[in-house]
Amino acid sequence: MNTIKEQYEIFMNTCNNAEYEKAEILLKDIIVNVISKNDIHLEIEQTPHSRDTFDYIGKIINGKNIEDIVIDLKISKGKLSTNQISSLLVNAMTKDIKNIVLVSNNELTLQAKETASLFSNKVGINFQVFGKKELDAWFYGFNDENQFVHSKTIHEIIKETSRQLAKIIAQNPEQFMDIEWRDLERIIATVFSDFGYNVELTPSAKDGGKDVIIWYRGESYIVEIKHWNAKNKVGGHFISDFLKVVIKENRKTGLYLSSSGYTSNAFEALSKIEKTKFRYGDKTSMISLLKMYERVNNGIYIPVNDLEDIMGKISKGFEQ
């Protein structure tokens, strides 16, 4: 019996050889191996071949939660275009399907990725993409743990550890408070870095009032993270000091994340200008960010490129 890795290699070869029907049959085992994990179960059946239908249709079973899902294979010599993605999403929308999996032997163009993200977010569709890059990462990423460790620098190993911790917290939010404060800073920095932004994790001492610096479209953003127990809430003077750094260093926006929450008067002294440059969040915000990161890593949807949009999804601001 072939191993999962061998199954994958056979599948990719059939795709590259344009053996569509054979690849379509192999697709079921490949995608079930990728998506099914922990308490998530995937049941799919192949549909009759037709121009206006998907290759597979079925259900995602997660405990008592059951949702419909469709899976489609697109074999391509080049990157998938916007038209190919749009037709797939429109077809799902007309059939009122909320979960789509696209599998391909190639990647999406940047424009196709942006179209997929905007469209799926607008109509509320979970659009999963498993191109060659994502499939390779899943099937080849951790085959030889010893080789993995010995081939990486300390910095890379720490970053990989942060990724694994992010995954654990996303799947088990009750373990959030077991994370050490410096590990949490590393995790947050790694998440934004993996989203594609230029990120700097500041030194643990003398960080100048900011733990993470993010650069996006010629602007810089800073993030301060307080990982305290529930009894120690962040007060107004901490917020005031942070806003002074944001304004003095001419940062576009400052994001303050506190796992313990804030005192009732934490934001009373903020000026109108300060409020326009400030966002804040709590433990729930950080867990939401890690769940978003987990969904992206699993191909459940393509993240938006706008940093402010991501910050807006996980945090709060003030009415202008």
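## A pair of facing residues

In this predicted model, residue E224 stands opposite Y256, a residue of strand β9. The strands concerned are β8, which covers residues 219-226, and β9; they pair in the parallel sense over six bridges. Helix α11 (residues 283-297) packs on the sheet and touches β8, β9 and β10. The direction of α11 makes about 105° with that of β9.

## The sheet as a whole

The sheet is open and has five strands in the order β6-β7-β8-β9-β10, with mixed pairing. Strands β6 (198-201) and β10 (278-281) each have a single partner strand and stand at the edges, so one side of each is left without a neighbour in the sheet. From one strand to the next, the twist averages 20°.

Strands β6 and β7 run antiparallel and are joined by four bridges; here L201 stands opposite V212 of β7. The pairing of β7 with β8 is also in the antiparallel sense, over five bridges, and Y216 stands opposite E219 of β8. In the hairpin that β7 and β8 form, two residues lie between the strands, and R217 takes a positive phi near 50°. Strand β7 is mostly covered, as four of its five residues are buried.

Residue L255 is found in strand β9, which spans residues 253-258. Is L255 buried or exposed? Its relative accessibility is 0%, and therefore L255 counts as buried.

Leaving aside residues up to four places away in sequence, L255 touches I222, V223, E224, F242, R279, Y280, M311, I314 and S315. Sequence separation and spatial separation can also be set side by side for one pair: L255 and I225 are 30 residues apart in sequence, and their C-alpha atoms are 8.6 Å apart in space.

## Two helices beside the sheet

Helix α12 (residues 307-314) lies across β7 (212-216), β8, β9 and β10, and runs at about 25° to β8. Two packed helices are described by the angle between their axes and the distance between the axes. For α11 and α12, the angle is about 125° and the axes are 8 Å apart. That angle makes α11 oblique to α12. The residues in contact are S285, S288, L289 and M292 of α11, together with I310, K313 and I314 of α12.

## Other helices

Helix α8 (residues 181-194) has 14 residues, which at 1.5 Å a residue should span 20 Å; the C-alpha atoms at its ends are 20 Å apart, in agreement with this expectation. Its buried residues are R182, L184, E185, I187, I188, A189, T190, V191 and F192. Just after α8, G196 takes a positive phi of about 110°.

Residue N91 has its place in helix α3, which covers residues 82-94. Because its relative accessibility is 17%, N91 counts as buried, the cut-off being under 20%. The side chains of N91 and K95 are joined by a polar contact of 2.5 Å.

## The whole chain

The protein chain contains twelve helices and ten strands. Of its 320 residues, 44% are buried. How much of the contact pattern links residues 24 or more positions apart? Among contacts with a separation of 6 or more, such residues account for 65%.

Conventions
Residues numbered from 1 in each chain as written. Predicted model: local features only at pLDDT ≥ 70, side-chain atom pairs only at ≥ 80, totals over all residues. Heavy atoms only, no water. Buried < 20%, exposed > 50% of the residue type's maximum accessible area, 1.4 Å probe, protein only. Contact = heavy atoms within 4.5 Å. Polar contact = N/O pair within 3.5 Å; in protein donor to acceptor, adjacent residues only side chain to side chain. Expected span 1.5 Å × (residues − 1). Pairing = 2+ DSSP bridges. Axes fitted to C-alpha atoms, helices over the stretch in contact; angles between N-to-C directions. Parallel < 35°, antiparallel > 145°, perpendicular 65-115°, else oblique.
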